[in-house]
Amino acid sequence: AAHSSVTFETYLFRDGRVAERFVSAFVERAMAGVPVKVLLDAQGSYGVAGATLARLHAAGVEVRFFRRFDWRRPIGYNHRTHRKILVVDGRVALTGGIGVADMWAGPPAWCELGLRVDGPAAALLQGAFFQDWSLAGGALDLGPACFPAFPAGQAGPLAMVTTSVPAWGDSMVGLLFLAAIAAAERRLTLVSPYFLPGRAMAGALADAAGRGVAVRLLLPGPHNDNPLAYHASRRLCAPLLACGVEVWEYGPAMMHAKALAVDGTWASVGSANFDPRSIFLNSELNVSVDDPGLARAVEAFADAAIAVSRSVRPADLARDRWPGRLLGGLGLAL
C-alpha cells in the first residue's frame, strides 16, 4: 500500500516461498515509482540467490548488505544488525522478531509476535533504519517521503524506541530490560527464544520473584533451531525455579517471539533476545509502550502459548541426560 517510500531491514532473508512474496511486493512497488530500500545483514542473509538480487536491482530496488566481511577489520564482522524494521511512507512501521524465511510459514509455523506503530513514533523506527543504512554506505533521505509531517496534537500512547549499537559501549537494551524488571510490582511476563541471562539479569529476575512479583518465562522447547542455547538455557533456569520463577517451554514449534510485559500496564516488543549477543554485540531495536492495551495483548499472547506449553520443574532438569548436559555446558562456555 506504499505511495511514497518503503524501507526494510532484517537479519535473516532466505530464498523460498516467503521471500518470493516479499520480493514480489518490493518489485511491484518499485516499478510503480515508489523508492524501495532493502537492508540485509551480510551474515544472516548470506546465500541470497544472485537471481533474486538481480530481479530487485532490475526493478529499481536499492539493496545493501550490512557489514560484509572485511579482512582489515575482522572483529567488526561479529557486530551484526539484528533489527527488524519495515516503514511504509514514514507513517506505518512494523517491528518484532520475524525474519524472511519459510520457517515462519511452516509447517509447523514458528511462534512469533510483531508490533505495528502508526503515526509520529514511526519516525523513530525510520531513523533507526537510516542509522544502519548509512553504515552500509547508503545515502540519507530526510525528506517528506520518509519523514512526513504530522498534524499538531496527534498523539497516542507514550512510546519509546530503544536502540542498541555495539560501538556505543553501553547496552541500552540491557538497561531497558533491567529497569523494567526492577520496576515490576505485581507480575512480569518475559518471552524470549534465546534465554541466556548474565548475572545481573538473572539476579534481577530472582529479586523480582523474591519481592512477590509473579514472574513467568515463556521459552522454546525441544523444537529449537539452536540446541546449544536450549540446553544452556535449561541449566540457567534451575536457580530461578528455586526462587519461584515459572518457566514454560513452548510445545508445537520453535517459539521466536521477543516481548516483555510488566504489571499489565507496560510492554516492550522488538528484535532483542535475552542473551549476551543481543545485549552486547548486535544492533537491536525494541519499542516500549506505556499502554495497558498492549500489555494485555502481550500477556494474552503468552497465555495462549502457555496453554500449549510444558511447565518446567526442578525435577525435569534433574532428569536431563548427559548429552543435553554436555551441550548445555558447551553453550555456556561459548
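Ala, Val, Leu, Ile, Met, Phe, Trp, Tyr, Cys and Pro are counted here as nonpolar, Asp, Glu, Lys and Arg as charged, and the others, Gly among them, as polar. On that basis, the lining of the largest pocket has 14 nonpolar, nine polar and six charged residues.

This is a predicted model, in which local features need pLDDT of at least 70 and side-chain atom pairs count only at pLDDT 80 or more, while totals for chains, interfaces and linings use all residues. Residues are numbered from 1 along each chain as its sequence is written, and side-chain values use heavy atoms, with hydrogens and water left out.

A pocket is an open set of points on a 1 Å grid over the protein atoms alone, where a 1.4 Å probe fits, with protein on both sides within 12 Å along at least five of seven lines; lining residues have an atom within 4 Å of a point. Its volume is the space filled by probe spheres set on the points, which are joined across faces, edges and corners.

The largest pocket has a volume of about 800 Å³. Its lining comprises 29 residues, of which Y194, N226, N273, D275 and R277 are the closest to the centre. Two or more lining residues come from each of helix 6 (227-242), helix 7 (276-281) and helix 10 (322-333); helices are DSSP runs of H or I with at least four residues, and strands are runs of E with at least two, numbered from the N terminus. Helix 6 gives the most, with four residues.

The second largest pocket holds about 410 Å³ of space. Among its 19 lining residues, R21, F22, A25, F26 and L86 are the closest to the centre. Helix 1 (17-31) and strand 4 (85-88) each give two or more residues to this lining.

| Pocket | Top contributor to lining |
|---|---|
| Largest | Helix 6, four residues |

By class, the second largest pocket is lined by 14 nonpolar, one polar and four charged residues.
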